[in-house]
Amino acid sequence: MKILMVSPTPACPPTAGNRARILALARAVRELGHDLHFAYLAPRGADPVTRAAHMAEFGADHFHSLDLDGRDALQRRLQEKWRAVRRRLRIGDPHLYRLDEWYFRSYHVALQQLDAVHGFDAVICEYVFMSRALEAFDPRALKILDTHDAFGDRHLEFLKVGRPPQWYSTSKAEELRGFRRANAVIAIQPSEAERFARDLGSAPPTLHTVSHFLDLSRRAPASAAPAAAFVGSGNDINISALDHLRRNILPRILARRPDFRLVVAGSICERVMDQPEILRLGRIDHISDAFAQAPIALNPTLFGTGINIKQLDAMAAGVPSVSTETGSRGFAAPERDGYIATVPDEDPQAFADAVVDLLGQPDRRAAMADNAFSAAQAWNARQTDALKSLLLSKSVVN
């Protein structure tokens, strides 16, 4: 099939979890033998690095950067200013967005023109807040919405832990309106698929669970270093988790293992001060580069939604993890116990003890590492089967 992926988030370079998910999904579609195009809905135009990286990945004739025209760019700026005013004056609910607030006429026109030229058999739209893009295509096309997360009332997850809501949240009614623009909706974990199915009732679209595809090309080498690694981008969830780790967990580990070092990698390093117990790697080329220096992955996440990408990265690298219950969401016991040492969210001593115990048990670490990589292989096989089944559902459209 000729398939178009439409995304407001660039896939290349994969410097954050959502980018990595989009790129891995695109590659999985291509590996199934489909002819894939990629349309980037750029709010202010793709910068030269982003454009070059996408052309290298998809081919110059298969990458389409769709920029806002002058009128829509002005409208976007005015919307942002008005939202800032509303927040300052507390007009309405400052955390809820309209479903199509970030989708503009110039995107729609450009997508219609693309479809007129290429006649796509299927369209994969990233995020519910871009779901109106699906209406730009021929009704005979298979229209797929890749949700990434549950955005209906998402802000409540942040507010209940006293954190400012981030990025995008809309009402559940608006989220469902976006879903109904699709023939098929992708949830990234079973619990979200169950919630979406419950909210939609018996009405279409069909629901499919296709989680993240993992890069299994570079398993981390075994390390005996007295260290553990935290890898992440600089979003608020990661900042909160790392702050909890540094303030509440690290001192407890050092009390038992003064030789311990915390390895931090990714753009989160920009938020970390220099200190002797922390090794900052900055941005890395591959997740295994961090775990080559630390035999354990740390996941002290205390809040958030969606599947936890840090845990998937650790599995793909073949390393055991110590995680909070929140950090291991989406991974069911008892299977997860073979590669994740899970502790209660608000128990920093239990977290520290689990790290120290695992450092002192090389045979257990090795067994958990093997279990993690085996789990990653099985995970990818399940996602490939689910994606293949979803794309075959084109036959039921019209």
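**Entry 1: the cavity lining.** I looked up what surrounds the largest cavity in this predicted model, and I found 13 residues lining the cavity, with F291, A297, L298, K310 and A314 lying nearest its centre. I then sorted the lining by class and noted 8 nonpolar, 3 polar and 2 charged residues.

**Entry 2: volume and count.** I read off a volume of about 60 Å³ for the largest cavity, and when I asked how many cavities reach 30 Å³ or more, the count came to 1.

**Entry 3: which elements supply the lining.** I next traced the lining of the largest cavity back to the secondary structure, where β8 (227-231), β11 (297-299) and α10 each supply at least two residues.

**Entry 4: α10 against α12.** I looked up how helix α10 (residues 309-317) packs with helix α12 (residues 362-392), and I noted an angle of about 110° with the axes 6 Å apart. Because angles of 65 to 115 degrees count as roughly perpendicular, I recorded α10 as roughly perpendicular to α12.

**Entry 5: the residues that meet.** On the α10 side I listed L312, M315 and A316, and these meet A372, F373, A375, A376 and W379 in α12. I checked the classes here as well, and the residues of the contact of α10 with α12 divide into 8 nonpolar, no polar and no charged.

How values were computed:
Residues numbered from 1 in each chain as written. Predicted model: local features only at pLDDT ≥ 70, side-chain atom pairs only at ≥ 80, totals over all residues. Heavy atoms only, no water. Axes fitted to C-alpha atoms, helices over the stretch in contact; angles between N-to-C directions. Helix = DSSP H or I, 4+ residues; strand = E, 2+ residues; numbered from the N terminus. Parallel < 35°, antiparallel > 145°, perpendicular 65-115°, else oblique. Contact = heavy atoms within 4.5 Å. Nonpolar A, V, L, I, M, F, W, Y, C, P; charged D, E, K, R; others polar. 1 Å grid on protein atoms, 1.4 Å probe; cavity = no way out; pocket = protein on both sides within 12 Å on 5 of 7 lines; lining within 4 Å. Points joined across faces, edges and corners; volume = space filled by probe spheres on them.
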